[in-house]
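Subject: Structure handover

Hello,

Here is the structure I said I would pass on. My notes on the strands and the aromatic rings follow below.

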Amino acid sequence: MSASSDSPLVPEWLVVPDDANALAAQVWPRSAHRAASGELVLGGVAASDLHAQFGTPLYVLDEDEVRARARGARAAFDDAAARHGTTAHVYYAGKAFLSADVVRWVTGEGLAVDVATGGELAVALAGGADPARIGFHGNNKSVAEIARAIEVGVGSIILDSDIEIERVAAEAARRGIRQSVRLRVNSGVHAETHDFLATAHEDQKFGIALARAEEVVARIRELPSLDFGGLHCHIGSQIFGVDGFRESAARLLDVHERLLAGGPVPVLNLGGGFGIAYTSVDTPTPIEELAEGIVDAVATECARRGIPVPALAFEPGRAIVGTAGVTLYEVGTTKPVQATDALTRLYVSVDGGMSDNARPALYGAQYSARIASRVSDAAPALARVVGRHCESGDIVVDAEYLPGDVAPGDLLAVPATGAYCFSLASNYNYAPRLPVVAVSGGEARVIVRGETIDDLLARDLGVHRPTPEASA
Ligand code: LLP
């Protein structure tokens, strides 16, 4: 089918494709296909129409894909939990991508919402999320954020430190409210990408060491304004297997069991982190399989301890929105670069970059790309898609085979950009942040408008201050 390359410029996993126009199913929304003309169609809308209506660079979000994945996650965890006589709550982790419409879509499909700041809370409420079905995270929530969460009736506040326990208790007591809380613990399991490593003492900022959990929960239970709802942990992101979750659940359940002696422990929240495909060689575990594997593991651990299976909670973000998003760029320049004496790499510069997708620069994340405006018979060339920012690390797609005739004016689509691209976007080099367009059933509509240069100038008060000459 395809050949590996011995070139040192080509990552080991990247193979020369038979067809550099092909759309690898796992990285695109299900609606993605090529029209008879060859151009890419997303949610029934052709790339050229998106370009004509909204310009580039542009985030495109496939509403049906978000909804299907939200529905799928909910059904997967519901079914897995029901087989063990319990229930599962699926919170959408809003940090992956949050806008009022996305909140409407995921809550419409039955998901609760997890927020991590007062800003995310405001968007969740603006999107009509039921406050009782919001979980509020963060290792340093401000007193104002805590107060707001309590006042609007947030269903659970996830406590992260001893200091925060007292703060939340005081704010709830002041308002005569008994606030439901969960305790974030550090299970010592940290899952990283395809692997996980377990360490006894993890050197990171989140949660409370599992070894201290009993003492800390005892304090929570002493405080009449707090209602202890169970333990929470989140072991990491972009996890492909069940092992890390199983290990973490086992460790949490040891403590959970001991806590049962002192009162109810209604929920066990195992966080998010379910991986998605970014390139054609990624093979994430389907959510149904993950859900079944994790819930079965929890049930086995509970049976071993002779305790009832608690209600479970999960917080997928990337797995809901990641594959639903595609970023559309226009190629501005191409440049063959002699990378070594013998080897050339084609640099393809697009009109966005690290300001709309920081993940390659931040994490060395790999992506794939396709020409969106046409198909081409030209032989595949090893390309690197780069942005327009003033850094050599401004890479959008580190390594990809694109048709060798890729040229200025071509539209380029980068799939699997629905999670942590919009939410990590910056104004580096005074680049206005991109609009987000939702596509569904042949219709496209802006759900977050793009910034303008005027928006950016409006914040710079020096621009608006009259000059001495003007006021003289
Ligand atoms: N729950 C908690 C408590 C979290 O901290 C996170 C992610 C999630 C759920 C959702 O994780 P997901 O299912 O989306 O993997 N910016 C990084 C990811 C940071 C994730 C932070 N926490 C990236 O772009 O890969």
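Two strands pair if DSSP finds at least two bridges between them. Strands (E, at least two residues) and helices (H or I, at least four) are DSSP runs, numbered from the N terminus. This is a predicted model: local features need pLDDT of at least 70, side-chain atom pairs count only at pLDDT 80 or more, and totals for chains, interfaces and linings use all residues. Residues are numbered from 1 along each chain as its sequence is written, and side-chain values use heavy atoms, with hydrogens and water left out.

An open sheet is built from 3 strands in the order β3-β4-β5, with antiparallel pairing. Its edge strands, β3 (33-34) and β5 (45-46), each pair on one side only. Between β3 and β4 (residues 40-42) there are 2 bridges; H33 has V41 in β4 as its bridge partner.

Now the rings. Rings of Phe, Tyr and Trp (its six-membered ring) pair if their centres lie within 6.5 Å; planes under 30 degrees apart count as stacked, over 60 as edge-to-face and the rest as tilted. The structure has 7 aromatic pairs. F77 and F314 are stacked, because their ring centres are 4.1 Å apart and their planes are at 20°. F77 sits in helix α2 (residues 63-82) and F314 in strand β18 (residues 311-314), 237 residues apart. F274 and F314 form a tilted pair, with 6.4 Å between centres and 55° between planes. Ring pairs link F77, F245, F274 and F314 into a cluster.

Regards
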